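Here is a short briefing on the structure below.

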Amino acid sequence: MTTTAPAPVEAPVPPSRPTVRSRGRFLLVCGILVAAVGLLLYKGLLSSLDYFDTVDQALAHRAQIGTGTIRLEGLVDCGTVRATRSGAEFSISGADGRRVHVVNVGSPPELFAAGVPVVVVGQFVSSTSRTFESTQIMVKHSATYVARYPGRVRHGAC
Amino acid sequence: MTAVVRAVDRFLGPVSLALVVLTVWLGLWVTPPDELQGDLVRLIYLHPALAWVALYLAFGLAAVCSALYLWPRTRAERWDLLAASTVEVGVVFLSLTLATGMLWGRPAWGVWWTWDARLTSTALLEILFIGYLAMRRVPADPHTRARRCAVLALLATLDVPIVHFSVQWWNGLHQGATLGSGLTFHIHGSMLWTLLLSFVAFTCVFAWMVRRRYQIAVRDAARELDELAAALTARRAEGVR
């Protein structure tokens, strides 16, 4: 598509002040942006920037946590997974081997297995107990991917 | 130079399509499943490449163009149009990143979404650049619009390093980098090659989309000027009678 050359004109002069309407829309967009960003930051920072406590971190400040709802991360110990009427029971451990016993209400997700890191959401049953009641399990898989071949020993499996 | 540009314009589309088809074929039928995730892992041939293109190519380029526009010595309309084009394509890629991430997260983690540091900062980035697109629609003279959007793009790009380093700075559900720094790879064989190919394929798709979008933006800007000139001429003709 071609356009005919326009008659020579002076460069258009922008308005000396923005119109009330365009300034209003500009402020509206800014306002919505600030509100959306604020809401996102509030949601994201609600339970601190750290998404979970590891088993070691949680046991280190056990008194501070008490029976409050937290997210707890640990490695599911081999041979500890047991199905229950309402869900599952298993142990998770931190880097230095300390264990927490988890009683979960609800079925674990598809990739849940012994030897896999998980994040559980819930609370300790009392301020001194090492038993944790959870209502949600999230599997925290690593950034390592290994091809599945028949006969290969399963990486990370118990 | 013009011959190179013409060749790129002619072949970039078909080459991009071929690379994407090759990536999909390799990803779905040739590469093996993962020993832990099984066939779920095949989303790795989409999700990281989409994210990489959005965060570093699209929004990185938008930041550079915005800075060039704001600096008086290099100010030119083409930087504003190019920034707008890359942001538009970048928002598409980031939306696809979030969508593929959710499709992967539900079976792999057990949740569609959660407010960990990486996901939250990525959602924030999406909101900021959708805000950029909204800002472009606010009526204003071209220079005012370009200046506002350039400032917003630079502010929004501050979130990109936060997204990148979030998995290192904070405990989070999202895993770290599979292709680590210093060429430490946590993936091997055909899975690695297909993953690298996906980066090349989506980079080509990005380049093709930005090229097309920029051409449309240039034509739109020229048409606006023509319409304005015609309107002024008509108005002056009324005054003469």
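Along the sequence, chain B reads α-α-α-α-α-α-α. Its secondary structure amounts to seven helices and zero strands, where helices (H or I, at least four residues) and strands (E, at least two) are DSSP runs numbered from the N terminus. This is a predicted model: local features need pLDDT of at least 70, side-chain atom pairs count only at pLDDT 80 or more, and totals for chains, interfaces and linings use all residues. Residues are numbered from 1 along each chain as its sequence is written, while chains are lettered from A and ligands numbered from 1 in the order in which they are written.

**Overall dimensions and domains**
- Taken along the principal axes, the C-alpha atoms of chain B fill a box of roughly 85 × 40 × 30 Å.
- Chain A is assigned domain 1 (18–49) and domain 2 (53–139); such bounds come from an automatic or database domain assignment.
- The centres of domain 1 and domain 2 of chain A, taken over C-alpha atoms, are 38 Å apart.

**Helix H3(B)**
- H3(B) has 32 residues and spans 46 Å from its first C-alpha to its last.
- That is close to the 46 Å expected at 1.5 Å a residue; the expected span is 1.5 Å times one less than the number of residues.

**H2(B) against H3(B)**
- The axes of H2(B) (residues 47–70) and H3(B) come within 8 Å and cross at roughly 160 degrees.
- Axes are lines fitted to C-alpha atoms, for helices over the stretch in contact, and angles run from 0 to 180 degrees between N-to-C directions.
- H2(B) and H3(B) are therefore roughly antiparallel (under 35 degrees counts as roughly parallel, over 145 as roughly antiparallel, 65 to 115 as roughly perpendicular, the rest as oblique).
- H2(B) passes H3(B) in a left-handed crossing, meaning that the near helix is turned anticlockwise from the far one by less than a right angle.
- This contact has 20 nonpolar, seven polar and one charged residues.
- Ala, Val, Leu, Ile, Met, Phe, Trp, Tyr, Cys and Pro count as nonpolar, Asp, Glu, Lys and Arg as charged, and the others, Gly among them, as polar.

- H2(B) and H5(B) have axes that come within 9 Å and cross at roughly 135 degrees.
- H2(B) and H5(B) are therefore oblique to each other.
- The crossing of H2(B) past H5(B) is left-handed.
- Contact here means C-beta atoms, placed from the backbone, within 7 Å.
- By class, the contact of H2(B) with H5(B) has ten nonpolar, two polar and one charged.
- H4(B) packs on H5(B) (residues 142–157) at about 175 degrees, with axes 9 Å apart.
- That makes H4(B) roughly antiparallel to H5(B).
- Among the residues in this contact are Leu125(B) and Phe129(B) of H4(B), and Cys149(B) and Leu152(B) of H5(B).
- The contact of H4(B) with H5(B) has nine nonpolar, one polar and three charged residues.

**The contact between chains**
- Chain B gives 46 residues and chain A gives 43 residues.
- On the side of chain B, the elements giving two or more residues are H3 (77–108), H4 (117–136) and H7 (189–240).
- H4(B) gives the most to that side, with nine residues.
- The side of chain B that touches chain A divides into 29 nonpolar, twelve polar and five charged residues.

Notes:
Two residues are in contact if their C-beta atoms, placed from the backbone, lie within 7 Å.
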